[in-house]
Amino acid sequence: MEYNETNIELLLPRYCEGIATVEEQRLVKDWMKESEENRRIVKQMEILYLAADTVHVINNVNTEKALVKVKGKKTERRKVAWWEWAQRVVAVLFLPLLATFLVEHYGGKDADVQMLEARTNPGMTTSVVLPDSTVVFLNSESSLRYPSSFKNSKERKVELKGEGYFEVTKDVEKHFIVSTVHRSQVEVLGTSFNIEAYEESPEVSTTLIKGKVNFSFQEGVRKKQIVLNPGQKVVYDSKKGTARLLETSGETETSWKDGKIIFDNTSLKDALRILEKRYNVVFIQKNPARKAAFTGTFTSQRLERILEYFKLSSNIHWKYVDGKDASQKKTHIEIY
């Protein structure tokens, strides 16, 4: 089977929905390799399919408009059709922008420097390029505050709430410092690492992919530091004031930035936490002490499909339940 304009129209929705066969996946990937534009179309469709899945309205989306690009139409007409479709999806989902930027001015001598803030909505991810060319990926319900310029400062300081993956531009004269919740921070020169630091959780974790970082935290009245090497992860419990150093490949912790979910002997507790962020839901465990571990990779699959995988592999059952608060915005799912 070879791809053509007609069957690509049929294959792309199946690929983005996660139901394509191995042969169909190969055809789509070959088509993506033909041009950067083809690759961008697929990535945008995957994002919109994920957004639609999050609020259970995928069947209300007219995907045919998106696929005008793969037909032999004029370039300008194809661009208009694609963005009309994207805007229609956003309108259907009632979703605001993936990231909201807020600005406030510094006072004093650095009046020209502004503080910027990037935020992500529930179930969404985005990326930000900082003034020093550092790239930051933000996971669901996360925010990053940073100055509009690092030129007049001795250090490059930013503040993270939630989860972020950092690819820091090296500058030996200015350390890069990420302050997080629970009085913890990460200091680096140039490296790649992931930080998870949500306000509602007492745990803060840092996973180092490349380079070297110092993770500092409070242990009672004392401030302690742990130096991380690539392939290590520190988990700090702010309630107990303790920190654990673990070995990891980093795939499970960082796959979210590429639109994937990778489980590598991942515990049920951690797996559910990852799914909560991805699909903007709340899991209620009837038996929190239950032990189970999962290995597998997921991309555009619906949440129900992943939970069915849990059921088949570990006899874990699930059902939708109403939240105690009628005004609650997140879907509640019971695990038993």
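# Salt bridges and exposure in a predicted model

Tutor: In this predicted model, a network of salt bridges links Glu163, Glu196, Asp270, Arg273 and Lys277.

Student: What makes the contact between Lys277 and Glu163 a salt bridge?

Tutor: The closest N and O atoms of Lys277 and Glu163 are 2.4 Å apart. A salt bridge requires a side-chain nitrogen of Lys or Arg within 4 Å of a carboxyl oxygen of Asp or Glu, so the pair qualifies. The two residues belong to distant parts of the chain: Lys277 is in helix H6 (residues 268-279) and Glu163 in strand E6 (residues 156-167), 114 residues apart.

Student: Why is Lys277 called buried?

Tutor: Buried means under 20% relative accessible area. Lys277 has 11% relative accessibility and therefore counts as buried.

Student: How do you know whether Glu163 is buried or exposed?

Tutor: The relative accessible area of Glu163 is 2%, so by the limit of under 20% Glu163 is buried.

Student: What makes Glu219 and Lys224 a salt bridge, and how is each residue classed?

Tutor: Their side chains meet at 3.7 Å, N to O, and the cut-off is within 4 Å, so the pair counts. Partly exposed lies between the limits of under 20% for buried and over 50% for exposed. Glu219, at 24% relative accessibility, therefore counts as partly exposed, and Lys224, at 32%, likewise counts as partly exposed.

Student: Why is Lys240 called exposed?

Tutor: Exposed means over 50% relative accessible area. Lys240 has 64% relative accessibility and so counts as exposed. Lys240 is found in the loop between strand E13 (232-237) and strand E14 (242-247).

Student: Which residues gather with Lys240 in a patch of positive charge on the surface, and what makes the patch positive?

Tutor: Arg244, Lys269 and Lys291 gather there with Lys240. Lys and Arg count as positive, so the patch is one of positive charge.

Student: Why is Thr21 called partly exposed?

Tutor: Thr21 has 38% relative accessibility, a value between the limits of 20% and 50%, and therefore counts as partly exposed. Thr21 lies in the loop between helix H1 (5-17) and helix H2 (22-33).

Note on methods: Residues numbered from 1 in each chain as written. Predicted model: local features only at pLDDT ≥ 70, side-chain atom pairs only at ≥ 80, totals over all residues. Heavy atoms only, no water. Patch = residues over 30% accessible without salt bridge, like charges linked within 9 Å, V, L, I, M, F, W, Y side chains within 5 Å. Areas by Shrake-Rupley, 256 points an atom, 1.4 Å probe, with all protein chains shown as cover. Charge placed at Lys NZ, Arg CZ, Asp CG, Glu CD. Helix = DSSP H or I, 4+ residues; strand = E, 2+ residues; numbered from the N terminus. Buried < 20%, exposed > 50% of the residue type's maximum accessible area, 1.4 Å probe, protein only.
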